[in-house]
Amino acid sequence: MRPRSVVRIAAAAAVSLVAAAAIPLSANAEPSDSGCENRNLNRIDKLLECVNADDAFEHLEVLQDIADANGGTRVSGSEGYDQSVDYIADLLDDAGFDVELQVFEFATYAEISSSLVRDGDDLGSDGRADTMAYSGSGVVSGGNVIPVDLDLGLGNASTSGCTADDFTGLDFSGPNDIALIQRGACSFFDKAVNAQTAGAEGVVIFNQGNTETRKVKLEGTLGEGAIGVVTIPVLDTSYDDGVSLLTATVVDLSAETESSIEPTENIIADLPGVNPDNVVMAGAHLDSVPAGPGIQDNGSGSAAILAIALELANNEKYVPQNTLRFAWWGAEESGLIGSFEYFTNAEFGLLNTPEEVEKIAAYINFDMIASPNYIYGVYDADESTFPAPPGVPIPEGSEELENLFEAYYSIESIPYEDTEFSGRSDYQVFIQLDIPASGLFTGAEVGKTDEQAAIWGGTAGDQFDPCYHLACDTIDNVSAEALETNIDAVAYAVFNLAATTEAVNGVPGVDPGGVTPDDVDLDGPQGTFLEGGGGLSPDHDHDHDHDLGDAE
């Protein structure tokens, strides 16, 4: 990957934001491109008439072409990702944004092969076991399976493998010992390191099984810190298959993996406002998984904020009251790395200048907003449907951001749902720093219920995104209807926050013009989720260790 330079371009001249909007918000005929560039964006409906999914689809087509020309992927560290960065950064430059390309290093990982064979049955061949990301390589034949402090059954409180004491009294002196470890209480990395230190030649970590939803195969990661540290093979499997290894006669396992440290980038683009000390951020991760082009996940969020950013910057009369900052994150799929680097990197991280962190009024996140079998979901900051998971903070002001999105759906009479405020996307670092956050989500690998299909259409029983993290996540995997709805929802939130964040952080601004959340009786979520994460499996984890202390 070649080095890049940072380009900074001045923004346009300032105007004030006044007046009011009609309902529905974008009922008028779409103006011409020149009409949008010259109109006075003094109320939200004028922007929504100029923002549409066609613009976003043009960007998605380019991202698809880039993936097609680069082995079908845009994973961070690849030429496909580099070209995606170039495409977006060049457009932002041309539009007059202050653009910064933030280069950082991250760990790449690839599984070349793996197997877990129980009495002649290869669990990996039908997807029931695979290698944990950043595992080492190795082969264990005729393995001696040694259970480590297991706590089986529903309602268990497993701490299996979390301390060296869990291995005391266990004999790992043989040449083919496999530590059988249960999920729970600490990171997979800690479990693997403790097993390796005790003398294990291989490790199998199985799901906890304390609830029905925590019985499926883990698909976990040891985190990039395992590179060069965990040198033995570490595989994962489901709760039931893990338990079955206790009575197996013959167990063999193997893994061949590759890991390396590569450079990649975030794109940070500022549209300076009248108030430079009150910054509103909107972000989406730009990278795909290695297996596919990532056009829904997360081309959809990336293209939506790009289309909105360009529409605002290309308007010759518009300057926001608050500074707008758009971010396209790298290495999200590797563990939310780019967004954490934004704060912690030794060279450019904002924690080096805490006063810059204090300027961020709000962060809104758009990770998968056009799933083909969609629902319309808003992060549940007020916990009206989902209590936030343990250890996930909800900063003050986040509920007001949730209301902003819900106001748009209510104005347009579009049913919406809560999705869990889980911290499982790039807003995690923001909420850890007590920055208000919210966002939209149309669903991933969870199946759609009959009730949800009756509300939003689509196919009951199918995943919200049947191509989630697969090669088929192409432009054909994007719902035009969901993208058309959500690009307006995003624009509604950005425009209002650009004018004022008073409800979020107490900083007064100007009248955004039009219908604000204070003017709307919110319809309320549909309440179709009785448990789970609102479209993201509870077993979908970015399991990693991030230090938010002083950058080193």
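Which residues does Ser398 touch, not counting residues up to four places away in sequence? In this predicted model, the partners of Ser398 are Ala381, Phe421, Pro436, Ala437 and Ser438. Ser398 sits in helix α10 (residues 398-411). With a relative accessible area of 0%, Ser398 counts as buried, because the cut-off for that word is under 20%.

Let's turn to the nonpolar cores. The largest nonpolar core holds 83 residues, and the members touching the most other members are Leu92, Phe97, Leu312, Phe326, Trp328 and Leu483. Helix α13 (residues 480-499) is the top contributor to this core, supplying 12 residues. Apart from this core lies another, of 29 residues, including Ile268, Met368, Phe421 and Ile435. Phe421, listed in that core, is also one of the residues in contact with Ser398.

Phe326 is worth a look too. Leaving out residues up to four places away in sequence, Phe326 touches Phe97, Ile267, Ile268, Ala269, Ala282, Ile305, Ala309, Leu312 and Val494.

Now for the strands. Strand β1 (residues 98-118) pairs with two partners, shown here.

| Strand pair | Bridges | Direction | Residues opposite each other |
|---|---|---|---|
| β1 and β9 (residues 251-271) | 20 bridges | antiparallel | Leu101 and Ile267 |
| β1 and β2 (residues 121-122) | two bridges | antiparallel | Arg118 and Asp121 |

Ile267, which stands opposite Leu101, is also among the contacts of Phe326. At the other pairing, β1 and β2 make a hairpin with two residues between them. Asp119 lies in that turn and has a positive phi of about 50 degrees.

Note on methods:
Residues are numbered from 1 along each chain as its sequence is written. This is a predicted model: local features need pLDDT of at least 70, side-chain atom pairs count only at pLDDT 80 or more; totals for chains, interfaces and linings use all residues. Side-chain values use heavy atoms; hydrogens and water are left out. A nonpolar core is a set of buried Ala, Val, Leu, Ile, Met, Phe, Trp, Tyr and Cys residues joined through side-chain atoms within 4.5 Å. Buried means under 20% relative accessible area, exposed over 50%, partly exposed in between (1.4 Å probe, protein chains only). Helices (H or I, at least four residues) and strands (E, at least two) are DSSP runs, numbered from the N terminus. Contact means heavy atoms within 4.5 Å. Two strands pair if DSSP finds at least two bridges between them.
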